[in-house]
Protein chains: 2
Amino acid sequence: MKLREFAKQLGLSPTTVSRALSGYPEVSEATRARVASEAMRLGYRPDINAVRLKTGRAGAIGVMMARSGEIHFAEFMSGMAQRLETADTDILITPITAHNDEDEMQAYRRLVESRRVDAVIIHSPRPRDPRIGVLNSLGLPFLVHGRSESEHVHAWLDIDNENAVRRSTEHLLDLGHRRIAMINGLRGKTYSIHREQGFRVAHQERGLVADPNLMVCDKFSDESGFRHARSFLERANAPTAIVAGSTMTALGVYRAVRSLGMTVGQNVSVIAHDDVFPYLTAESMVPSLSTTRSSMRAAGTRCAELTLQLIAGRAVDEIHELWPVELILRESTAPPP
Amino acid sequence: MKLREFAKQLGLSPTTVSRALSGYPEVSEATRARVASEAMRLGYRPDINAVRLKTGRAGAIGVMMARSGEIHFAEFMSGMAQRLETADTDILITPITAHNDEDEMQAYRRLVESRRVDAVIIHSPRPRDPRIGVLNSLGLPFLVHGRSESEHVHAWLDIDNENAVRRSTEHLLDLGHRRIAMINGLRGKTYSIHREQGFRVAHQERGLVADPNLMVCDKFSDESGFRHARSFLERANAPTAIVAGSTMTALGVYRAVRSLGMTVGQNVSVIAHDDVFPYLTAESMVPSLSTTRSSMRAAGTRCAELTLQLIAGRAVDEIHELWPVELILRESTAPPP
DNA sequence: GCAAAAATTGAAATCGGTTTCAATTTTGTT
DNA sequence: AACAAAATTGAAACCGATTTCAATTTTTGC
């Protein structure tokens with residue numbers, strides 16, 4: 001059903017009907033109500049493509065998806081979707097080849113040239129992330145999930161990674177641990193750098209120095225957790241505690257500890273960052289895992305909201321959110337043996 | 001840059017330029033080449049919304065995303081994205097409230113009425129899935145990832161769940177196990193029913209009967225794996241082997257076995273279905289996990305391809321693919337003690 | 001060399017809405 | 001009751017492409 005036809009059935013002009021449905025003030029309350037109820041009854045809904053062509057709004061937010069499996073992706077998206085459900089805004093997934101900035105930026109250009117999205121959200125930035133400059137010069141609004149140190153002001157939402165790791169490290173130090181290892185995220189990402197910073201600062205406050213030999217960067221996976229934990233624990237002067245980058249990493253760490261005949265929470269303490277996945281919960285691990293917690297889903301919801309504000313014209317330099325992280329102590333952290 | 005302007009720069013009419021770019025035959029090779037190279041140089045790209053309005057194609061495939069965390073989601077999407085990268089087709093995520101069919105069908109109606117997608121992909125169907133009838137009557141092309149027994153013919157791609165579980169169960173029976181438990185997926189889903197069927201058939205072939213007390217349905221998660229495995233293993237007449245629904249479930253099962261002072265691959269055998277997640281691999285578990293394997297990512301890629309064919313007009317009743325599942329034996333399965 | 005056929009190009013209509021601007025009706029004021 | 005102001009409605013232009021149909025140019029056949 002088209003506007004023409006629908007308007008004719010109502011005995012009104014397309015103009016009035018359009019205005020009634022889009023909530024313009026210059027249409028009488030009576031007609032508005034009638035139009036709305038008839039639209040519902042007859043199932044009329046404007047052709048989204050015509051609306052977009054005319055208004056110039058794409059009605060979609062783009063999300064770049066690296067081809068490599070991103071474990072956080074589904075939760076974040078699900079959070080976004082929840083907010084956008086009522087905003088008449090779609091989520092557009094654009095695939096990009098992992099670790100290829102040139103490719104990704106080409107994809108942004110395409111998106112802009114073809115007016116497919118009103119804004120994009122980018123993930124896991126690095127301190128000097130070239131994407132930010134490109135997006136800036138393209139004039140495409142964007143929100144960074146994470147932070148960058150780019151000279152261009154940009155909207156961002158990040159969790160307080162530095163403080164998170166600082167607090168978990170302090171907790172371990174308070175318990176008496178002195179040799180603490182850290183299995184960090186991907187090298188070069190801002191969040192990894194912040195976490196490392198938190199790790200160092202916690203040591204420094206107590207006049208200690210974080211041992212560079214006990215710090216490693218890698219992707220978040222069960223396998224990498226296992227491999228690095230094992231390598232740490234087999235050393236002569238093995239650490240008594242491990243800070244893990246994610247619950248998935250912690251899983252591998254637990255396994256490594258067990259494989260050496262030791263017990264988590266007894267011989268070795270473990271603490272990890274938890275993005276809250278419904279299928280893998282820290283409290284159900286054995287022993288239950290102490291974590292710093294921050295919901296990826298909530299971040300997705302909020303990022304969607306902020307991006308909508310961005311599109312609506314809110315100033316970029318007003319949009320900066322740093323989320324605190326909860327420290328949740330469970331059984332996996334205890335004084336050293 | 002608009003078509004008008006771009007055409008003027010080339011000294012051609014918009015008509016010719018449009019034809020050249022869309023690959024129509026009635027434009028000379030020389031002009032086509034010139035148009036293509038100039039478009040590249042000047043960065044001209046048709047406004048996607050205008051194209052869509054005119055052609056009536058939405059240029060997008062819809063995917064319904066339940067609000068609950070779907071662990072498979074990211075891998076599947078990533079596979080889809082890979083295929084669609086070169087097809088000028090977007091992926092549109094539409095959020096739906098989990099377990100609320102009415103809501104989901106309302107969402108379909110909205111999608112159709114506003115011409116937002118050319119087709120949708122639906123997941124995890126049930127044998128008599130009401131969504132199929134609705135989509136059918138709406139005239140919106142759709143592909144089912146999984147299968148239904150709906151009276152309406154529909155395009156589908158599924159993995160051979162029955163055979164997968166049948167083979168893993170046969171393997172356990174061959175090893176000498178006689179009390180085998182199964183932790184299945186969500187009750188009512190077609191895949192759970194097929195898996196249960198495979199479990200039963202494997203028993204029947206050998207003149208045995210699958211014990212209904214050793215079969216349970218639940219979501220795929222570490223926690224549910226633990227809970228059910230524990231409940232099974234604490235019984236008087238405990239099973240000597242467990243068939244788990246996913247690697248995530250197997251994780252919980254492993255944990256349950258250990259928590260009772262037993263060892264996987266010694267006191268208890270475990271086999272699971274593996275959808276191949278990059279962050280949790282069966283071979284790196286300890287002991288390495290025997291699995292039936294089928295790549296979720298590959299399924300996503302193929303579903304995207306089939307959906308494109310569907311949009312291009314391929315007959316629905318031609319599109320049925322049943323994928324075989326690999327059986328991969330590792331250390332977690334061994335003869336009963 | 002010329003007519004007919006084939007190849008190539010362009011003018012204008014169209015997709016389905018939104019929005020500007022003008023016209024009409026209603027309300028308020030004296 | 002008469003007029004100005006405010007509220008409401010509608011006609012027509014427009015968003016930026018595609019595509020029909022007609023016009024022009026080039027090629028072919030004899």
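Visitor: Which helix of chain B is S168(B) found in?
Guide: S168(B) is in helix 8 of chain B, residues 161–174; helices are DSSP runs of H or I, at least four residues, numbered from the N terminus. This is a predicted model, where local features need pLDDT of at least 70, side-chain atom pairs count only at pLDDT 80 or more, and totals for chains, interfaces and linings use all residues. Residues are numbered from 1 along each chain as its sequence is written, chains are lettered from A in the order in which they are written, and side-chain values use heavy atoms, with hydrogens and water left out.

Visitor: Is S168(B) buried or exposed?
Guide: Buried, with a relative accessible area of 3%; the cut-off for buried is under 20%, with a 1.4 Å probe and protein chains only.

Visitor: What does S168(B) touch?
Guide: Leaving out residues up to four places away in sequence, S168(B) touches V243(B), I271(B), T292(B) and L327(B), where contact means heavy atoms within 4.5 Å.

Visitor: Switching to the interface, how much do chain B and chain A bury between them?
Guide: About 4,800 Å², 56% of it on carbon and sulfur atoms; this is the accessible area (1.4 Å probe) lost on being put together, summed over both parts. In residues, 54 of chain B are in contact with 54 of chain A.

Visitor: How many salt bridges across it?
Guide: Two, by the rule of a Lys or Arg side-chain nitrogen within 4 Å of an Asp or Glu carboxyl oxygen. D90(B) and R116(A) form a salt bridge at 3.1 Å, N to O.

Notes. Helix = DSSP H or I, 4+ residues; strand = E, 2+ residues; numbered from the N terminus. Buried < 20%, exposed > 50% of the residue type's maximum accessible area, 1.4 Å probe, protein only. Buried area = accessible area lost by both parts, 1.4 Å probe.
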